[in-house]
Amino acid sequence: MLPIDPAKKLSFTRCIQDGDLVIVYERYDNMKAVKVCEGSVLENRFGVFKHSDWIGKQFGSKVFSSKGGFVYLLAPTAELWTLVLSHRTQILYIADISFVIMYLEIVPGCLVLESGTGSGSLTTSLARAVAPKGHVYTFDFHEQRAASAREDFEKTGISNMVTVGVRDIQGEGFPDEFAGRADSVFLDLPQPWLAIPSVEKMLKQDGVICSFSPCIEQVQRASETLRTKFTDVRTFEILLRTYEVREGKLDGFQGNEGGSIGSLPFKRRQRSSEASNEQETTSAPIVMARPCSEAKGHTGYLTFARLKCLS
């Protein structure tokens, strides 16, 4: 995803090579991550696709199967990886992730601490935000989850910007080697208040913490602990409403005082040839937008606070 050369410069290649990870877009609600391997094939409802046909093509290309079906080959951006990764735990999605990165004030070169790693959705975006010279140190108490996360970061090409550790941050705190070095800290823990004293030691002066919690009771207790050594404590809930934008046909229109548009009965439109011109006009393709039927609701609360500066 973000391969970096020895000179610490981003070197993203636009052409697909053997061994690359690509996101195969089958339809708007179905994508999958596939590692390109010469000699391998992808079989799905649209046919059989040879990986050898993908090599040398640009990301974003449309490729066809032997029976005429097609898919798109997309670059594994952090946003797409969030949509296709394996869910070992509940993950953060794009709306929360973008908000976290902005309010944690993460820029290239930052040192960020995270607990817990989980499925690595947020970690992937954090790595891109600190690239090319920053680093993310992420910790999970579950050894197998940590190992799986390392494998994913290798696949997506960000392992040189992410270090995964196995540690119980609630019980042990962050390692002392990071004391006073962290620009930002992110917590996704069931009892974040237990880790806050350690976060205070890790952050630079004026550093920022974010705690993600699904329940308001967790937020209340964490906020009480934060107020002793932190300032500007704020909590947000991100609710995202997605719209589907598609081309369709307007069969007819009926004006009223409110200016609404509706469909007229088919037979009524066919009564005379005089209506033919109107029929051609009203059946022309138009672009329509409507709310998505499967809108996501509450995911969790994001609590931010800034370490108080010493007077």
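**Figure 1. Ser-121 is found in helix α3, which spans residues 121-130.** Helices here are DSSP runs of H or I with at least four residues, strands are runs of E with at least two, and both are numbered from the N terminus. The model is predicted, so local features need pLDDT of at least 70 and side-chain atom pairs count only at pLDDT 80 or more, whereas totals for chains, interfaces and linings use all residues. Residues are numbered from 1 along each chain as its sequence is written, and side-chain values use heavy atoms, with hydrogens and water left out. Ser-121 has a relative accessible area of 3% and is therefore buried (buried means under 20%, exposed over 50%, and partly exposed in between, with a 1.4 Å probe and protein chains only). Apart from residues up to four places away in sequence, Ser-121 touches Thr-82, Leu-85, Ile-91, Leu-92 and Ile-97 (a contact means heavy atoms within 4.5 Å). With Thr-82, the side chain of Ser-121 also makes a polar contact of 3.1 Å. A polar contact is a pair of N or O atoms within 3.5 Å; within protein, one must be able to donate a hydrogen and the other to accept it, and residues adjacent in sequence count only if both atoms are side-chain atoms.

Figure 2. In an unreviewed entry, UniProt lists Ser-119, Gly-120, Ser-121, Leu-122, Asp-140, Asp-168 and Asp-188 under "binding site". UniProt positions follow the numbering used here, feature names are shortened, and annotations may be inferred rather than shown by experiment.

**Figure 3. Asp-140 lies in strand β8, residues 135-140.** Its relative accessibility is 4%, so Asp-140 counts as buried. Beyond its neighbours within four places in sequence, Asp-140 is in contact with Gly-116, Thr-117, Gly-118, Arg-145, Gly-165, Val-166 and Arg-167. A polar atom of the Asp-140 side chain lies 2.9 Å from the backbone nitrogen of Gly-118. Gly-116, one of the contacts of Asp-140, sits in the loop between β7 and α3. A cis peptide bond joins Ser-115 to Gly-116, with omega about -5°.

**Figure 4. Glu-79 and Arg-128 form a salt bridge between their side chains, at 2.6 Å from N to O.** The two partners belong to distant parts of the chain, Glu-79 to helix α1 (residues 78-84) and Arg-128 to helix α3, 49 residues apart. Glu-79 is partly exposed at 31% relative accessible area, and Arg-128 is partly exposed at 35%. A salt bridge is a side-chain nitrogen of Lys or Arg within 4 Å of a carboxyl oxygen of Asp or Glu, and the whole structure contains 12 of them.

**Figure 5. Glu-105 pairs with Arg-306 in a salt bridge of 2.5 Å, N to O.** Glu-105 lies in the loop between α2 (94-103) and β7 (111-115), while Arg-306 lies in strand β15 (residues 301-307), 201 residues apart. Glu-105 is partly exposed, with a relative accessible area of 44%. Its phi is near 55°, a positive value in a residue other than glycine. Most residues other than glycine have a negative phi, and most peptide bonds are trans.

**Figure 6. The rings of Tyr-103 and Phe-304 form a tilted pair.** The search of the whole structure finds 12 aromatic pairs. The ring centres of Tyr-103 and Phe-304 are 5.4 Å apart and their planes meet at 45°, so the pair is tilted. Tyr-103 in helix α2 and Phe-304 in strand β15 are 201 residues apart. Tyr-103 is partly exposed at 26% relative accessible area, whereas Phe-304 is buried at 2%. Rings of Phe, Tyr and Trp (its six-membered ring) pair if their centres lie within 6.5 Å; planes under 30 degrees apart count as stacked, over 60 as edge-to-face and the rest as tilted.
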